[in-house]
Amino acid sequence: MSLDYTNPKLLADTSKVETGEFTWRSPSNLAIVKYWGKHGRQLPRNPSISFTLENAFTDTRLEFGPKKSSEQSIELDFFFHDEPNPAFQKKLVKFLESVSDIFPFLHQFAFTIRSGNSFPHSAGIASSASAMSALALCLCSMEDEIFKTLQDDVEFDKKASFVARLGSGSACRSIYGGLAMWGQMGEVENSSDLYAVPYSDETHEVFKTFHDDILLVSTGEKSVSSTAGHALMEDNIYAAPRFQQAGQRMHNLLEALRTGDVETFGNIAENEALTLHAMMMASNPSYMLIEPNTVEIIKRVRAYRAETKEPLYFSLDAGPNIHLLYPEEIIHNVAPFVESQLLPLCQDGKMIQDWVGEGPVQV
Ligand code: PMV
């Protein structure tokens with residue numbers, strides 16, 4: 001496992017390159033087998049796979065111009081939904097500093113980043129995945145524009161995925177539309193702990209139009225960050241069997257994805273969601289992100305499935321919101337059930353209708 005993007009040669013001739021801007025819209029993703037637990041520089045303890053979404057996205061514009069000071073430090077102004085946001089700005093400066101060995105030109109310009117989400121941030125909808133993937137894509141675009149180093153799309157995406165991973169592990173999967181997997185697995189050629197790879201070519205048609213409606217049970221900020229959650233896996237006594245289980249579930253899921261076995265897919269998705277939250281509850285200190293209405297929705301989804309025999313399943317991210325997973329063909333039956341039975345359990349009766357998306361676009 002070695003891939004070194006450190007490149008001291010990526011310094012621009014600032015007499016020729018003065019200003020520029022790049023904008024990317026990058027979606028969030030929903031992991032079916034979850035990444036939970038990491039080591040080293042943002043390396044996963046187990047492989048994971050996700051659907052890239054369509055409507056839950058971040059728009060990020062990276063503008064650059066001449067530096068105002070002669071200091072080496074990163075010069076950045078950050079605006080979130082047009083408002084200065086010092087807390088995010090601080091995090092971003094730290095991140096840009098951490099990747100300045102990959103992009104040494106980050107020290108040569110003054111930057112303004114403007115970002116906005118199509119959904120509430122820090123609510124357990126993977127906002128860091130869309131935000132960090134959008135930023136990684138902007139950085140790769142800037143490199144490519146100035147140095148013409150990433151003209152091959154495969155190389156561009158690989159580097160963007162690698163850099164996104166350094167910002168937020170799950171972000172590396174958002175670089176690809178459809179399904180994306182991350183983490184080295186003998187049975188998946190080119191798979192790596194360092195970046196994600198697309199996994200749509202091997203997938204049955206039914207999963208290419210799958211729906212993922214996000215039921216917003218609560219949009220408040222979550223009490224424990226993912227960073228803290230990953231760290232708590234270190235001393236979790238269930239960690240080792242959990243990582244082993246994730247590997248086994250990946251193997252079973254990849255088979256189900258290839259054959260179009262929606263039932264196996266759905267069972268794995270639900271078990272993974274509950275295992276993720278079980279790990280949080282079994283951490284020390286223990287914590288809980290699900291809410292009473294999360295549990296009520298889970299019960300109603302399972303009752304609906306038992307009654308109708310329709311393949312309606314749920315997943316959860318690191319938060320209280322429910323991701324409702326179902327194939328396109330049952331949408332007309334699911335919609336009235338969601339409307340009458342599930343939306344009343346959501347904050348302000350809100351949801352984000354979403355489905356498997358095509359991946360990031362440069363705007
Ligand atoms: O990317 P992070 O560090 O925010 O971790 C998020 C992990 C989960 O969203 C809970 C699961 C996953 O695989 O996306």
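**Domain interface**

I looked up the buried area first: domain 1 and domain 2 bury about 4100 Å² between them, 66% of it on carbon and sulfur atoms. Buried area is the accessible area (1.4 Å probe) that two parts lose on being put together, summed over both. Of the area that domain 1 buries against domain 2, Lys34, Trp36 and Phe51 supply 20%, more than any other three residues.

This is a predicted model: local features need pLDDT of at least 70, side-chain atom pairs count only at pLDDT 80 or more, and totals for chains, interfaces and linings use all residues. Residues are numbered from 1 along each chain as its sequence is written, and side-chain values use heavy atoms, with hydrogens and water left out.

I noted the bounds, domain 1 (20–202) and domain 2 (205–361), which come from an automatic or database domain assignment. To the contact (heavy atoms within 4.5 Å), domain 1 gives 48 residues and domain 2 gives 55 residues. I found the C-alpha centres of the two domains 23 Å apart.

I then searched for salt bridges (a side-chain nitrogen of Lys or Arg within 4 Å of a carboxyl oxygen of Asp or Glu). The rule finds one across the interface of domain 1 and domain 2. I also recorded a salt bridge between the side chains of Glu234 and Arg45 (3.5 Å, N to O).
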